[in-house]
Number of protein chains: 4
Amino acid sequence: MPPSAAATPPARRRTRARGRESRQKILEAAARVAGERGYDGATIARVSKESGLPASSIYWHFADKDALLAAVVEASFELWLGRVSLAIGATAAEKVRALSESVARAFRESPDFLRLGLMLALERRSDELEARRLYLRLRHEALDRFVGELLDERSMMSVADARRLVTYALAGGEGILLAAAAGDDDVDELFALHATAVLHLADVLESGAAR
Amino acid sequence: MPPSAAATPPARRRTRARGRESRQKILEAAARVAGERGYDGATIARVSKESGLPASSIYWHFADKDALLAAVVEASFELWLGRVSLAIGATAAEKVRALSESVARAFRESPDFLRLGLMLALERRSDELEARRLYLRLRHEALDRFVGELLDERSMMSVADARRLVTYALAGGEGILLAAAAGDDDVDELFALHATAVLHLADVLESGAAR
Amino acid sequence: MPPSAAATPPARRRTRARGRESRQKILEAAARVAGERGYDGATIARVSKESGLPASSIYWHFADKDALLAAVVEASFELWLGRVSLAIGATAAEKVRALSESVARAFRESPDFLRLGLMLALERRSDELEARRLYLRLRHEALDRFVGELLDERSMMSVADARRLVTYALAGGEGILLAAAAGDDDVDELFALHATAVLHLADVLESGAAR
Amino acid sequence: MPPSAAATPPARRRTRARGRESRQKILEAAARVAGERGYDGATIARVSKESGLPASSIYWHFADKDALLAAVVEASFELWLGRVSLAIGATAAEKVRALSESVARAFRESPDFLRLGLMLALERRSDELEARRLYLRLRHEALDRFVGELLDERSMMSVADARRLVTYALAGGEGILLAAAAGDDDVDELFALHATAVLHLADVLESGAAR
DNA sequence: AATGAATGAGGATTCATTCAT
DNA sequence: AATGAATGAATCCTCATTCAT
C-alpha cells in the first residue's frame, strides 16, 4: 500500500546534494538490513522502509538489488579496512602481535558488515552474485596486503608461510565472530587465545620447522 | 460413507511404511537444498522438486518450513556428532590432538550441514527461527560434551579453561570452513596449523599461566 | 503434519457404537465451528481438530463438506424446534403471546445454530449449497407449522394475515439476534418490545383493518 | 540509474489520477463480490478478476484483505447513510413514520452492502476482523444519530426509550432483510407491518407506560 | 469402522523490477 | 533527482478430497 508520506517534504535544496544524501541513506539502510538478515532477507521493500525512500528511488540510484548490495560491500569494506591499522613493529613478533590486535579490534567494531560478508561467503547459488564476488575479491586483496606488511623486510618466513599465517589469523577471527553469533560470549578471551596461538605459529613457522 | 462390504485384507502397512520413506526423502532433499542456499533459499517449491513430492505433502509431514528445517538440523547434527569420534588418549596432549583431528575430519565430511548451521547462526531476524534456536542449542551441547571428554580424569586444566580451549578449537574449525567457502583452498594446511595452535594453547593453559 | 495421536487409544468397544459416537462428535464439532465462522470458515481441518478425529474419518461418515453441514443443520434444527413449545391458549391473544415467548426463548437458547442459519441464508453463491437449501426449507416448514397453530380454530384472521404475522414475528426475532451479534446487548428488552409489537399487529390484523 | 538528459515535460498527473481511479475500481469490485459471497468468499483473486487489476496491484492500494474490506465497509456505509434522509416532522408520530420509511427505503436500495454488514456482524472468529469492527462502530454511530434526530425537541420519550425504539426499528429492518434473503418475498408488506409496529411502540413508550 | 498419506487447486501475500510522469 | 503505480512470478500455506490399507 502507499507508504502514506512519512516525514515532512524537506525544503527543496541543491538537487545534487539531495541525490548524494539519498544514496547514502539507502546504502546505510541496506547495510543494516543485510547485516541482519543476509542477502535474501535484504528485500528492496525492507530497505525502502528503513531508508524512508520509495522502492523506485532505490532503482534510480542502483541498477538492481545485486548492484546495491555490491555497493554496500564496497563501501563497508573500505570503512573496515581503514580501521585496521597497519601492522607496525620492528621485530616479526611485534608485527604479528600488532596484526592480531588490529584484526581483533576491527572485528569487534564492524560486526554488522562482517556478518554480511560471512553470509555472502557461505552462499552457494548457481547464479553468481556480484555482491559475493566483490566481497571475496576484497577479502583476498586485504589478505594480500596483510601478507605484504608482514614481509616487507628481511623476514625468515617464506611468502607461502606468511600467507598461511595471515589466512589462519583471519579465519580464526571470523570463526570467533561466528562463535559470538552463536552465543559464546567471551569473545575477548577468545581473541586473546587467538593472539597467543598466532604468535606461537609465527614462531614455529619462522624457525623453519613449519608443518 | 460406509461401503457395503469389507475390502480384501492383504498386505498391511504399506501407507505407513511409505510415510516414513517420504518423510526421509523430504528431509534429505531439504538438507541438500538448505546446505546449498541457506534458510531463505530453501524454498518449499525447491524441496518439493528435489524430493519428488508435492508441496502439500511436505506439509503433511512437517508443520511448516521452520519445523522442516529444524528437523533437518536435528537429524544432521546427530549424524555429524556420530562422526566425531571420542577423544581418547592417555595424556592430555593425546586427547587434545585426537579432538583436533576428529573435529577436522568431521568438518571436512559434512560441509553441507555445517554451512547451513553457520548461516543459521549468522541470522539475526526478529521472528526467531526454531531451526536456528535448535542448532545453537545442539552446538552448545556438543561443546559441553567435548569439554567433559577433555576433563574426566585428573587434569591440570580448570573447567573454565577447558571450555575456553574447546570453544576456540570449534570456532577455529568453523573459521576454516568459512575460509574454505571464501576460496582459501588449502584447508588441510589450515587444519594442521589449527592443530598445532590448539595443542600449544592446551600446554599454556595446563601450565597454569593461563591468561 | 500428522496430528501426533492426542488421546489414549480407547479400549476397542462395539465398533457400531463407536461409529455413532464418532459421527456425533463430528456433528457437534462442526456445529460449533460453523456457528462461529460460517460455512466457509468451517473447514474440514478445523472440524477435525475440534472433534479429535482425522479428516479422512469425517469423509467416512459424510459424503462431503456440504453433506456434513446439511446434517448439522438438520440435527440442530430438530433440537431447536423441539425447544419451541407449541403455542397454546384459548384466545388468539394468548396464543400470539405464547408464540412470541417461545420464539424468544428458543432464540436465546440456540444462538450458535441460529447464527449458522442466518449466515447460510445470507450466502449468495452460484453453486447452490445443500446445507443452505435445507435450512431454508426447514425454516419454511417451521413457519408453516406456526401458522397452523395460530389458526386451527375459528380465527378472524385470514391465512395470509396469519402468515404475515408469523413471518414478521420470526424475522423480528432474527433481527434481534443480529442486533445482539452486533453488540446491542439489551436483548431481553428488545424481545419485550417485539412481543408488544406482535400482539398489537395481531390485534390490527384481526380487526380486519389489515393493510 | 540517472539518465543522461531530462525527459519531455508534458501532461503531468496521469499516474496519480489513474491511481485514484484504480483504487475506486478495486473498491467497487470488492463491494460487489463481498456483498455476494461474504468476507471469506471475497477472495483477492475474485476481486482482481472483477476489477481488471492484478492481485499485486490490489496490495499497492490496500495493506491486506482486511484493510480492503474495511475500506469497502467505510465507503458503502457513507453512501448508505447519505441515502437515509433525515427524519423530519413536527409531531413525534410524523418523525417516527419518516424514520421507518427512510429505513425501509435504505434497506431496499442497498441490499448488497447490508448483506455484507450482516455477515460481518455474525462472524465470531478469534482473529478479529478490522472490517467487522468498523461496521459495528459505524452502525452504532448511525444508531446514535437516529436517536438524536428523534429527540432533539421536547419529546415525551426518555433517551433510553428512544434508543430502544430506534434499536428495535433497525433490528426489525435487518430481520426483514434476512427474511428476504431466506426467501420470504413479500418484503414490502413486512416493512408495512414494521412501520405499524414501530409507530405503536412509539405511542406506548411516549405515554410512559413503557415496559 | 477408520485412518495415514497424498495431492492439485487455490488461498493471501511479497518479490524484484519497470515505466510514465 | 525522484516517485506513484503497476505487474508477473514466486512465496508459504490451506483447501477439499481420495485412496490404499
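Tutor: A salt bridge here is a side-chain nitrogen of Lys or Arg within 4 Å of a carboxyl oxygen of Asp or Glu. This is a predicted model, in which local features need pLDDT of at least 70, side-chain atom pairs count only at pLDDT 80 or more, and totals for chains, interfaces and linings use all residues. Residues are numbered from 1 along each chain as its sequence is written, chains are lettered from A in the order in which they are written, and side-chain values use heavy atoms, with hydrogens and water left out.

Student: How many salt bridges are counted between domain 1 of chain A and domain 2 of chain A?

Tutor: An automatic or database assignment sets the domain bounds, giving domain 1 (15-65) and domain 2 (72-206) in chain A. Their C-alpha centres lie 28 Å apart, and between these two domains of chain A the count of salt bridges is zero.

Student: How many salt bridges does the rule find across the interface of chain B and chain A?

Tutor: One salt bridge joins A:E189 to B:R164, whose closest N and O atoms are 2.1 Å apart. Across the whole interface of chain B and chain A, the number found by the rule is three.

Student: Which helix of chain B supplies the largest share of the side that touches chain A?

Tutor: Helices are DSSP runs (H or I, at least four residues), numbered from the N terminus. Several helices of chain B each supply at least two residues of the side touching chain A, including helix 1 (14-41) and helix 9 (187-206). The largest share, 10 residues, comes from helix 8.
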